[in-house]
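Biologist: Hey, I'm new to this one. Could you walk me through it?

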Amino acid sequence: MIRIQNYVMAESLEEAYQLNQNKRSRIIGGMLWLKMSSIAVHTAIDLSRLGLNKIEETEEEFSIGAMATLRQLELHEGLNAYANGAVAKAVHDIVGVQFRNMATVGGSIWGRFGFSDVLTVFLAMDSYVELYKGGIVPLEQFAKMKKDNDILVRLIVRKTPCKIVYSSVRNQRTDFPVIACAVACMNGQ
């Protein structure tokens, strides 16, 4: 059970960052992993007013806000065309549509879970995270970093020419994967 003492809808990333410096504060998104914890949260920090729920595409990259949902990833035509459907395939078996409508990209990446379909598929691409104070960091480096009190703002996927495939093995369709694998052939090699 999670107990929340204060709830704040942040008006800026700076406000969210300052609030998050307290060890008992937590950034909340869909709260799908956090609610499984048995913790007391002094201040729950909601980022939903900060416009981080979009997937934007330019000629060079995709910018995926931390509050974008896994369902948005699953349905984004441009991202899935670029990734040969690998992103949609990676998230399709994550519980159900209702869950994917609430689970956020930020939560899936920030957790750095070894069983994460989302982290796995993006590690195979030319991907980076933008941290509020830490700047832009390669996703592979971020996945190895010790957790701190920074804020994940967005995931950046550069449109490096590639062919990518994703596959996982699960005991049952909506279970965590026993093994997840994504492979990319970059620059047509």
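Modeller: Among contacts (heavy atoms within 4.5 Å) in the chain between residues at least 6 apart in sequence, 60% join residues at least 24 apart. Keep in mind that this is a predicted model, where local features need pLDDT of at least 70, side-chain atom pairs count only at pLDDT 80 or more, and totals for chains, interfaces and linings use all residues. Residues are numbered from 1 along each chain as its sequence is written, and side-chain values use heavy atoms, with hydrogens and water left out.

Biologist: How many helices and strands does the chain have?

Modeller: There are 8 helices and 10 strands. Those are DSSP runs numbered from the N terminus: helices are H or I with at least four residues, strands are E with at least two.

Biologist: What's the strand order in the open sheet of 3 strands?

Modeller: The order is β1-β3-β2, with parallel pairing; two strands pair if DSSP finds at least two bridges between them. β1 (3-9) and β2 (25-28) are at the edges with a single partner strand each, so one side of each has no neighbour in the sheet.

Biologist: And how many bridges join β2 and β3?

Modeller: 4 bridges, in the parallel sense, with β3 covering residues 40-46. S25 sits opposite T43 in β3.

Biologist: Switching topic, which strands does helix α1 lie across?

Modeller: Helix α1 (residues 13-20) lies across β1, β2 and β3, and runs at about 140° to β2. Axes are lines fitted to C-alpha atoms, for helices over the stretch in contact, and angles run from 0 to 180 degrees between N-to-C directions.
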